[in-house]
Amino acid sequence: MEGGAAAATPTALPYYVAFSQLLGLTLVAMTGAWLGLYRGGIAWESDLQFNAHPLCMVIGLIFLQGNALLVYRVFRNEAKRTTKVLHGLLHIFALVIALVGPGLVAVFDYHRKKGYADLYSLHSWCGILVFVLYFVQVSPSNTPGLGPPTREVGGGGELG
Ligand code: HEM
């Protein structure tokens, strides 16, 4: 930790972290098993292209992004620069997998190849809202450390 006393680590923290990882990995494994065993698997150049969507969304937006949010708590006594880099990398992986990579592209591309309409469901519009809010959240003006320096209030925040 830079410029201050080490933050006290709650005794149960390692157990909470282990439990969260177990839950996350179970979720990813169960999604993969569901797609593999009951939905025919995943392949880019076939009808199975759609199946990349649920798996990549779960890996990117739930598992990786969830872990990106936990980094500052889990590594609370590491150098802030290190945790920032890890936090940023996890967000980049999450975005690549969920958005620019297979996640969202898979479903739009699949709909296009099949001649299906886009954005016809509440799910799809909620999904678009998720991405809009994600980008608002990571925009420089909302992300301490990416935007211009701001005055510290109350001794500085966790993320500053
Ligand atoms: C945070 C996670 C998710 C986001 C942001 C998201 C976003 C989206 C978006 C934007 C579409 C519209 C694509 C189009 O109109 O061409 C879509 C379609 C779809 N998604 Fe997801 N999705 C997520 C997770 C999931 C999961 C986990 C499943 C399945 C278990 C799923 C199943 C579907 C299905 C069946 C469609 C096509 C029908 C429809 O448009 O509703 N999605 N998703």
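Reply: A nonpolar core is here a set of buried Ala, Val, Leu, Ile, Met, Phe, Trp, Tyr and Cys residues joined through C-beta atoms within 7 Å. The model under discussion is predicted. Its largest nonpolar core holds 18 residues, and those touching the most other members are L55, C56, I59, A94, I97 and A98. At least two residues of this core come from each of α2, α3 (80-100) and α4. The greatest contribution is that of α2, which gives nine residues.

Apart from its neighbours within four places in sequence, C56 is in contact with I97, A98, G101, P102, G103 and A106.

The helix α2 (52-74) also takes part in the shell around the ligand, to which α2, α4 (102-114) and α5 (122-138) each supply at least two residues. This shell has 18 residues, of which M57, D118, S121, S124 and G127 come nearest to the ligand.

In α5, the count of buried residues among its 17 residues is zero. Its end C-alpha atoms are 24 Å apart, in agreement with the 24 Å that 17 residues should span at 1.5 Å a residue.

An unreviewed UniProt entry lists residues 15-38, 50-75, 87-107 and 119-136 under "transmembrane region". Over residues 50-75 the chain is 88% helix and 0% strand, with end C-alpha atoms 36 Å apart. Over residues 119-136 the corresponding values are 83% helix, 0% strand and 21 Å.

Technical notes. Residues numbered from 1 in each chain as written. Predicted model: local features only at pLDDT ≥ 70, side-chain atom pairs only at ≥ 80, totals over all residues. Near = placed C-beta within 6 Å. Helix = DSSP H or I, 4+ residues; strand = E, 2+ residues; numbered from the N terminus. Expected span 1.5 Å × (residues − 1). Buried ≥ 20, exposed ≤ 12 C-beta atoms within 10 Å, placed from the backbone. UniProt positions renumbered as here; feature names shortened; annotations may be inferred. Contact = placed C-beta atoms within 7 Å.
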